[in-house]
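Subject: Structure for you to look through

Hello,

Here is the structure I said I would pass on. Please open it beside this email and follow along as you read.

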Amino acid sequence: MKRAFGCKEDDDPTEKDSGQSLACGKLDARMAVERGGLMTARIITVANLKGGVGKSNIAVNLACELGGDTRQVALVDADPQGTSTHWMSRGRYPAKIYSLPLEDERGAQRWVTQVLSIESDFVLIDCPAHSRAVTETALGLSRLAVIPLTASGPDLIATTNVLNLIETSRSIRDGNDLSFLLVPSKIDHRTGAGRRIGDVLRHLGDVVGPEVRQRTAFVDAFGERKWIGDFAPKSDARLDIVNLANAVLTKLEEIERFSGDNEAAQVS
Ligand SMILES: Nc1ncnc2c1ncn2[C@@H]1O[C@H](COP(=O)(O)OP(=O)(O)OP(=O)(O)O)[C@@H](O)[C@H]1O
Ligand SMILES: [Mg+2]
């Protein structure tokens, strides 16, 4: 599988300065562990190699929903397109935006250092579409990947590719401490595909998060540069984001519990 992502089978994961290692995300995961980055912040990557699936919509609103008085949340906009940065450019938000665009593996080492230096309870990363190297670098730092997917055939193919990246990321870690949540996004229940996606994904079990439906409030909120909790706090759109935030917190608790169990098992 590694070959499919531009890594040679015999790549040496200890070759820290090689661009090839960076492209394959090996250096990043290793650096994160060495610097304790995984301990100081819970890093959540929002990614899909497909464009336009609602990554930035979910990243901005989820970051703001998780943030607030009791929890510090940072959102890293890794996309050179800058959608999240643009969104969070007017006024005050419960999360802090960091514009750290990453085009490809060049500059990845500096980028990793910058992300790991952010002091926050949660760090979310809004990834660009179409870049395996950037997505893999972000996954290398993360505890959880949130993967929006729309109800379309091509989207399901792109999602399979992200799941392969997650497997690659897991294989270079000591444990399986990268979980994922597939989030049906922009779902329109007036269409057959929109109604069926729940059934299509149900067999996957608890890796499927709550739907974020196609709602004009999200588009209008972006137009006003507000997050949904500010723009329409009592709307169905807000409720979608609240449900997603709860699913993310539950997933993180599971991860925490699982790694605690593992540590206990190693000690005993
Ligand atoms: N749940 C939703 N309901 C309605 N419109 C949405 C929803 N989510 C996203 N959109 C709209 O779809 C378009 C793409 O959304 P967004 O920018 O979040 O996707 P993306 O995956 O981040 O795209 P890119 O790959 O270009 O970064 C935008 O016009 C956005 O307003
Ligand atoms: Mg985007």
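Which residue in S4 does Val-46 stand opposite? Val-46 faces Asp-126 there. Please keep in mind that this is a predicted model.

The overall picture

The chain has 268 residues, and 46% of them are buried. Its secondary structure comes to 12 helices and 7 strands. Among contacts between residues at least 6 apart in sequence, 73% join residues that are at least 24 apart.

The sheet

The 7 strands form an open sheet with parallel pairing, in the order S3-S2-S4-S1-S5-S6-S7. S3 (96-99) and S7 (212-213) are the edge strands; each has a single partner strand, so one side of each has no neighbour in the sheet.

Besides the pair in the opening question, Ile-43 stands opposite Val-123 of S4. S2 (residues 73-77) also pairs with S4 in the parallel sense, again over 5 bridges. Here Ala-74 is the residue opposite Val-123.

One residue of S6

Ser-185 lies in S6. Is Ser-185 buried or exposed? Ser-185 counts as buried, because it has 27 C-beta neighbours inside 10 Å. Leaving out residues up to four places away in sequence, Ser-185 touches Val-53, Gly-54, Ile-58, Pro-148, Leu-149, Thr-150 and Val-212. Take Leu-149 from that list: Leu-149 and Ser-185 are 36 residues apart along the chain, yet their C-alpha atoms are separated by 5.4 Å.

The helices

Ile-58, one of the residues that Ser-185 touches, is among the buried residues of H4. In H4, 12 of 12 residues are buried. The helix covers residues 55-66, and at 1.5 Å a residue it should span 16 Å; its end C-alpha atoms are 16 Å apart, which agrees. After H4 comes Gly-68, with a positive phi near 150°.

How do H7 and H8 pack against each other? H7 (residues 132-141) and H8 (residues 153-171) meet at an angle of about 45°, and their axes are 10 Å apart. The two helices are therefore oblique to each other. The crossing of H7 past H8 is right-handed. On the H7 side, the contact is made by Arg-132, Thr-135, Glu-136, Leu-139 and Gly-140. On the H8 side, the residues are Val-162, Leu-165, Ile-166, Thr-168 and Ser-169. An α-helix has 3.6 residues a turn, so residues three or four places apart point the same way.

Two residues with a positive phi

Most residues other than glycine have a negative phi. His-130 is not a glycine, but its phi is positive, about 70°. His-130 is found in the loop between S4 and H7. With 12 C-beta neighbours inside 10 Å, His-130 counts as exposed.

Where is Arg-225 placed? Arg-225 is in the loop between H10 (216-223) and H11 (228-231). Its phi is also positive, about 60°, although Arg-225 is not a glycine. Arg-225 is partly exposed, with 16 other C-beta atoms within 10 Å.

Regards

Definitions and conventions:
Residues are numbered from 1 along each chain as its sequence is written. Chains are lettered from A and ligands numbered from 1 in the order in which they are written. This is a predicted model: local features need pLDDT of at least 70, side-chain atom pairs count only at pLDDT 80 or more; totals for chains, interfaces and linings use all residues. Helices (H or I, at least four residues) and strands (E, at least two) are DSSP runs, numbered from the N terminus. The expected span of a helix is 1.5 Å times one less than its number of residues. A residue is buried if 20 or more other C-beta atoms lie within 10 Å of its own, exposed if 12 or fewer, and partly exposed in between; C-beta atoms are placed from the backbone. Axes are lines fitted to C-alpha atoms, for helices over the stretch in contact, and angles run from 0 to 180 degrees between N-to-C directions. Angles under 35 degrees count as roughly parallel, over 145 as roughly antiparallel, 65 to 115 as roughly perpendicular and the rest as oblique. A crossing is left-handed if the near helix is turned anticlockwise from the far one by less than a right angle, and right-handed if clockwise. Two residues are in contact if their C-beta atoms, placed from the backbone, lie within 7 Å. Two strands pair if DSSP finds at least two bridges between them.
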